There are 2 protein chains.
Amino acid sequence: MGRFADDLIASMKQAAAHARGRKVRGLRVSVVEAPDVRAIRRKLRMSQHRFAAAFRIPLPTLKNWEQGRRQPDAPAAAYLLAIKRRPKEIMEAVKG
Amino acid sequence: MGRFADDLIASMKQAAAHARGRKVRGLRVSVVEAPDVRAIRRKLRMSQHRFAAAFRIPLPTLKNWEQGRRQPDAPAAAYLLAIKRRPKEIMEAVKG
DNA sequence: CAAGTCTATGCGCCAATGGCGTCTACGTAC
DNA sequence: GTACGTAGACGCCATTGGCGCATAGACTTG
């Protein structure tokens with residue numbers, strides 16, 4: 001299987017997990033839809049490593065999100081939304 | 001005591017908590033210094049309620065941070081850093 | 001003065017996440 | 001072949017996220 005197939009599978013797992021339980025933290029429901037981290041990253045053409053470094057997200061955490069093993073909590077979801085919409089500005093803002 | 005004295009006390013509590021244990025999550029140390037949330041918010045002249053809403057941070061979470069009861073995790077710290085440096089852009093980015 | 005509103009502190013509670021390490025697997029290049 | 005970089009999978013623990021409720025000032029209004 002190629003990369004795309006793997007991605008599809010991963011996405012489906014995420015979708016399944018997403019549809020299954022919408023609880024995010026403390027039994028509640030998230031207000032902001034957690035953006036698709038991988039899609040955002042791929043769009044920026046960055047490896048997990050670089051993406052994590054650029055936005056100061058611990059690599060294991062990013063992996064957890066992309067693999068659907070963990071769900072970004074509310075502040076993280078907001079952060080990702082901001083990254084999605086203004087990647088360059090955010091990258092600049094958190095640099096150095 | 002006035003508002004400023006209260007703020008000072010709160011800040012000192014935070015400072016104490018900060019100096020005491022530098023662990024952030026999973027026994028490790030944070031790379032990004034967690035910005036002073038209250039300072040950022042005050043600078044924007046927003047109430048906790050509005051600040052939380054504007055940046056999609058759950059109000060209780062914001063309170064925990066400001067009271068020094070909890071420490072923003074790495075992604076949250078990065079988010080706060082971004083907010084500190086480009087408040088308006090971020091606010092715009094996560095709006096709607 | 002009292003009543004109501006807004007703002008913020010303090011704290012208990014639970015499940016979920018953050019964060020790390022390790023192992024495995026795939027591709028490409030040397 | 002071997003080395004390297006990227007990424008998926010999973011175990012583990014302490015800490016946080018997230019909520020609710022009670023309390024306490026400050027400011028306005030009746």
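Reader: Hi! How many salt bridges does the rule find across the interface of chain A and chain B?
Author: Zero salt bridges turn up between chain A and chain B, where a salt bridge is a side-chain nitrogen of Lys or Arg within 4 Å of a carboxyl oxygen of Asp or Glu. This is a predicted model, in which local features need pLDDT of at least 70, side-chain atom pairs count only at pLDDT 80 or more, and totals for chains, interfaces and linings use all residues. Residues are numbered from 1 along each chain as its sequence is written, chains are lettered from A and ligands numbered from 1 in the order in which they are written, and side-chain values use heavy atoms, with hydrogens and water left out.

Reader: OK, and how many residue pairs are in polar contact between chain A and chain B?
Author: Four residue pairs, both members at pLDDT 80 or more. A polar contact is a pair of N or O atoms within 3.5 Å; within protein, one must be able to donate a hydrogen and the other to accept it, and residues adjacent in sequence count only if both atoms are side-chain atoms.

Reader: Which helix of chain A gives the most to the side that touches chain B?
Author: Helix 5 of chain A, with eight residues. Helices are DSSP runs of H or I with at least four residues, numbered from the N terminus. By class, that side of chain A has 14 nonpolar, one polar and eight charged residues; Ala, Val, Leu, Ile, Met, Phe, Trp, Tyr, Cys and Pro count as nonpolar, Asp, Glu, Lys and Arg as charged, and the others, Gly among them, as polar.

Reader: What rotation superposes chain A on chain B?
Author: One of 180 degrees, with 0.0 Å of shift along its axis and an RMSD of 0.0 Å. That is how a two-fold axis relates two copies.

Reader: New topic: is Arg41(A) buried or exposed?
Author: Arg41(A) is buried, at a relative accessible area of 6%; buried means under 20%, exposed over 50%, partly exposed in between (1.4 Å probe, protein chains only). Arg41(A) sits in helix 2 of chain A, residues 37-43.

Reader: And which backbone oxygen does its side chain reach?
Author: That of Met46(A), at 2.9 Å. Leaving aside residues up to four places away in sequence, Arg41(A) touches residues including Phe51(A), Leu62(A) and Glu66(A), contact being heavy atoms within 4.5 Å. Leu62(A) and Glu66(A) are among the buried residues of helix 4 of chain A.

Notes: Helix = DSSP H or I, 4+ residues; strand = E, 2+ residues; numbered from the N terminus. Least-squares fit on C-alpha atoms with pLDDT ≥ 70 in both.
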